[in-house]
Amino acid sequence: MLGFITRPPHRFLSLLCPGLRIPQLSVLCAQPRPRAMAISSSSCELPLVAVCQVTSTPDKQQNFKTCAELVREAARLGACLAFLPEAFDFIARDPAETLHLSEPLGGKLLEEYTQLARECGLWLSLGGFHERGQDWEQTQKIYNCHVLLNSKGAVVATYRKTHLCDVEIPGQGPMCESNSTMPGPSLESPVSTPAGKIGLAVCYDMRFPELSLALAQAGAEILTYPSAFGSITGPAHWEVLLRARAIETQCYVVAAAQCGRHHEKRASYGHSMVVDPWGTVVARCSEGPGLCLARIDLNYLRQLRRHLPVFQHRRPDLYGNLGHPLS
């Protein structure tokens, strides 16, 4: 089933910036195999992105089958880029199983995704691959690696999660990502795609605005936070953090999320969404696995940045150069 909502222009933004053209924002929420899609003709020239929501388990092949169905549906609906969540490959029961199921970037699973990208002719954001890196033999730990594939299946960027989630939330249980995972050494410069320049991040990274500011100052127009948020932090922080990152950077924010119960030890919050540079949620997944779609209007983004030139008003002389541009 496919839902379609058209949001009216934001009246307060119109009052604040009378010359700013505000597009109508289409929100599309889909389960696999929708019958039809309605899109206003005025927005059809804008790039369409798909945000996939899944419930990964330790079964890697079943997870791939689920993700592939959503990616093929995104291609059928006309998306140029599909976003998959953190741990799209699997969610294990414990660190030992995580290490056992992990693969190098040149392994069988990533090859299946490169073939899928070529088959569908669209870009793929693989939002958190359990990667055995070049130091696997020495460390016996992996990286949480965000992989970006182009429509020919080539790896155009990799970002290894720099902020590891070692937390203990009452009611949610402890999480110590560093038990099995190494932190990434650096940020990745934004990458040009058919939807715009994308800055790569992963889940817990969204709690560190310095990262998003650095990506924005390096030219990012879209920030990605593929995630597997928990059931306690999700309702309290998920949407608030994503909207804050969009507003402070004046970027689109795309957040593909895990949802539901993965196994007896873990469940995720879901609520995948797209937020525009004004901070409005323009697309959101319904409950359960499925996808939502949104159009990216870079002219709107540029107009907003001209009318609210916050990056020109920063005062690093007072508080330091937080989130300085990438070299």
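## A first stop: helix 2

Just after helix 2, G78 takes a positive phi of about 100°. Helices here (H or I, at least four residues) and strands (E, at least two) are DSSP runs, numbered from the N terminus. This is a predicted model, in which local features need pLDDT of at least 70 and side-chain atom pairs count only at pLDDT 80 or more, while totals for chains, interfaces and linings use all residues. Residues are numbered from 1 along each chain as its sequence is written, and side-chain values use heavy atoms, with hydrogens and water left out.

Helix 2 itself covers residues 60-76, and its end C-alpha atoms are 24 Å apart. That agrees with the 24 Å that its 17 residues should span at 1.5 Å a residue; the expected span is 1.5 Å times one less than the number of residues.

Which residues of helix 2 are buried? They are K60, N63, F64, C67, A68, L70, V71, E73 and A74. Buried means under 20% relative accessible area, exposed over 50%, and partly exposed in between (1.4 Å probe, protein chains only). An α-helix has 3.6 residues a turn, so residues three or four places apart point the same way. The buried residues of helix 2 pack against several elements, including strand 3 (48-53), helix 4 (108-120) and strand 18 (290-295).

N63 is worth a visit of its own. It counts as buried because its relative accessibility is 5%. Its side chain reaches the backbone oxygen of T57 at 2.7 Å, and a polar atom of that side chain lies 2.9 Å from the backbone oxygen of D89. A polar contact is a pair of N or O atoms within 3.5 Å; within protein, one must be able to donate a hydrogen and the other to accept it, and residues adjacent in sequence count only if both atoms are side-chain atoms. Leaving aside neighbours within four places in sequence, N63 is in contact (heavy atoms within 4.5 Å) with T55, S56, T57, F88, D89, F90 and Y113.

## An open sheet and its helix

Strands of a sheet pair through backbone hydrogen bonds, either parallel or antiparallel. Here, two strands pair if DSSP finds at least two bridges between them. In this model, 6 strands form an open sheet in the order 10-11-12-13-16-17, with mixed pairing. Strand 10 (191-193) and strand 17 (281-284) are the edge strands, each pairing on one side only. On average, neighbouring strands of this sheet are turned by 25° against each other, direction ignored.

Helix 7 (residues 233-249) packs on the sheet and touches strand 12 (222-224), strand 13, strand 16 and strand 17. The direction of helix 7 makes about 30° with that of strand 16. Axes are lines fitted to C-alpha atoms, for helices over the stretch in contact, and angles run from 0 to 180 degrees between N-to-C directions. Strand 13 (residues 252-255) and strand 16 (residues 273-275) run antiparallel, joined by 3 bridges; A255 stands opposite M273 there.

## Two hairpins

Strand 8 (residues 166-169) and strand 9 (residues 173-176) pair in the antiparallel sense over 4 bridges, with M175 as the bridge partner of V167. This hairpin has 3 residues between the strands, and G171 takes a positive phi near 90°.

Another hairpin joins strand 14 to strand 15 through 2 residues. Strand 14 (residues 259-263) and strand 15 (residues 266-269) run antiparallel and share 4 bridges, and C259 stands opposite Y269.

## Two glutamines with positive phi

Most residues other than glycine have a negative phi, and most peptide bonds are trans. Q250 has a positive phi of about 55° although it is not a glycine. Q250 lies in the loop between helix 7 and strand 13 and is buried, with a relative accessible area of 4%. Among the contacts of Q250 beyond four places in sequence are P277, L301 and F311.

Q140 also has a positive phi, near 55°. The place of Q140 is in the loop between helix 5 (136-139) and strand 6 (143-149), where Q140 is partly exposed, with a relative accessible area of 40%.

## The whole chain

The protein chain has 9 helices and 18 strands, and buried residues make up 54% of its 327 residues. The chain averages a pLDDT of 88, and 86% of the residues score at least 70; pLDDT is the predictor's confidence in each residue, from 0 to 100. Over residues 1-19, pLDDT stays under 50. Over residues 21-27 the pLDDT is below 50 as well.
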